[in-house]
Amino acid sequence: MKLHRQAHVVYKTQYHLVWVTRYRRKILVPGVAEYLKKVLRSVREFHPDWFLEEIGVDRDHVHLHMVIPPKYAVSRVVETLKSVTSRQLKEKFPHMVRKVYWDDGGVWARGFFASTVGINEATIRHYVQHQGEQETGQAQLEL
């Protein structure tokens, strides 16, 4: 298990994030999807501590598996990603966006889905219940 370190914190806070296009329009065709992935990866230039583990794009929604430091609110990270990608898609594909969306709204629908990813509940429950029972050293999770 790879852990991330920053000053005074060690973490592995992983999230599965999903958001959809506005009106569930199927605009993320292969060329647009590849450009979207490129833009998502470029966000690391400004946020080097955000790690995109996997990117999945379907015609009307995006799935991300990310590691986000605990100092960031998940909602703020998603807001940033949606804002940057919407702006870039509107700049790169203005005719397509204007054809599908008749107003100046964004490409993405409001809201998102977020779920944590990590060690399973039974392992954590066992670890917490058996604190202090080991004779020496720090208890290790069996992965």
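Four strands form an open sheet in the order β4-β5-β3-β6, with antiparallel pairing. Strands pair here if DSSP finds at least two bridges between them. The model is predicted: local features need pLDDT of at least 70, side-chain atom pairs count only at pLDDT 80 or more, and totals for chains, interfaces and linings use all residues. Residues are numbered from 1 along each chain as its sequence is written, and side-chain values use heavy atoms, with hydrogens and water left out. Helices (H or I, at least four residues) and strands (E, at least two) are DSSP runs, numbered from the N terminus.

- The edge strands are β4 and β6, each pairing on one side only.
- From one strand to the next, the twist averages 15°. Axes are lines fitted to C-alpha atoms, for helices over the stretch in contact, and angles run from 0 to 180 degrees between N-to-C directions.
- β3 and β6 pair in the antiparallel sense over 5 bridges. Tyr 15 has Thr 116 in β6 as its bridge partner.
- β4 and β5 also pair in the antiparallel sense, over 6 bridges. Gly 56 has His 63 in β5 as its bridge partner.
- A hairpin is formed by β4 and β5, with 3 residues between them.
- In a regular strand, side chains alternate between the two faces of the sheet.

**Helices on the sheet**

- α1 lies across β3, β4 and β5 and runs at about 165° to β4.
- α2 packs on the sheet and touches β3, β5 and β6. The direction of α2 makes about 45° with that of β3. Contact means heavy atoms within 4.5 Å.

**Nonpolar core**

- The largest nonpolar core has 28 residues. Such a core is a set of buried Ala, Val, Leu, Ile, Met, Phe, Trp, Tyr and Cys residues joined through side-chain atoms within 4.5 Å.
- Buried means under 20% relative accessible area, exposed over 50%, and partly exposed in between (1.4 Å probe, protein chains only).
- Leu 17, Trp 19, Leu 64 and Leu 81 have the most contacts inside this core.
- The elements giving two or more residues to this core are β3, α1, β5, α2 and α3. α2 gives the most, with 6 residues.
- Leu 81 touches Trp 19, Leu 40, Val 43, Trp 50, Leu 64 and Met 66, not counting residues up to four places away in sequence.
- In soluble globular proteins, nonpolar side chains tend to be buried together.

**Aromatic pairs**

- The structure holds 5 aromatic pairs. Rings of Phe, Tyr and Trp (its six-membered ring) pair if their centres lie within 6.5 Å; planes under 30 degrees apart count as stacked, over 60 as edge-to-face and the rest as tilted.
- Trp 19 and Trp 108 have ring centres 5.9 Å apart and planes at 85°, so this pair is edge-to-face.
- Trp 19 lies in strand β3 (residues 14-20) and Trp 108 in the loop between α3 and β6, so the pair ties together parts 89 residues apart in sequence. Both Trp 19 and Trp 108 are buried.
- Trp 50 and Tyr 72 form an edge-to-face pair, 5.5 Å centre to centre with 90° between the planes.
- Trp 50 sits in the loop between α1 (30-42) and β4 (51-57), and Tyr 72 in the loop between β5 (61-67) and α2, so this pair ties together parts 22 residues apart in sequence.
- Trp 50 is buried at 3% relative accessible area, whereas Tyr 72 is partly exposed at 25%.
- Tyr 23, Tyr 101 and Trp 102 form one aromatic cluster.

**Charge over a ring**

- Lys 2 lies over the face of Phe 51, 5.7 Å from the ring centre. The criterion is NZ of Lys or CZ of Arg within 6 Å of the ring centre and within 35 degrees of the ring normal.

**Contacts of two buried residues**

- Ser 86 lies in helix α2 (residues 74-92) and is buried at 8% relative accessibility. Beyond four places in sequence, Ser 86 touches Gly 106, Val 107 and Trp 108.
- Ala 109 lies in the loop between α3 (94-100) and β6 (113-117) and is buried at 17%. Beyond four places in sequence, Ala 109 touches Val 20, Thr 21, Arg 22 and Lys 82.

**Positive phi**

- His 8 is not a glycine, yet has a positive phi of about 70°. His 8 lies in the loop between β1 (4-6) and β2 (9-11) and is exposed at 85% relative accessibility.
- Arg 24 has a positive phi near 55°. Arg 24 lies in the loop between β3 and α1 and is partly exposed at 44% relative accessibility.
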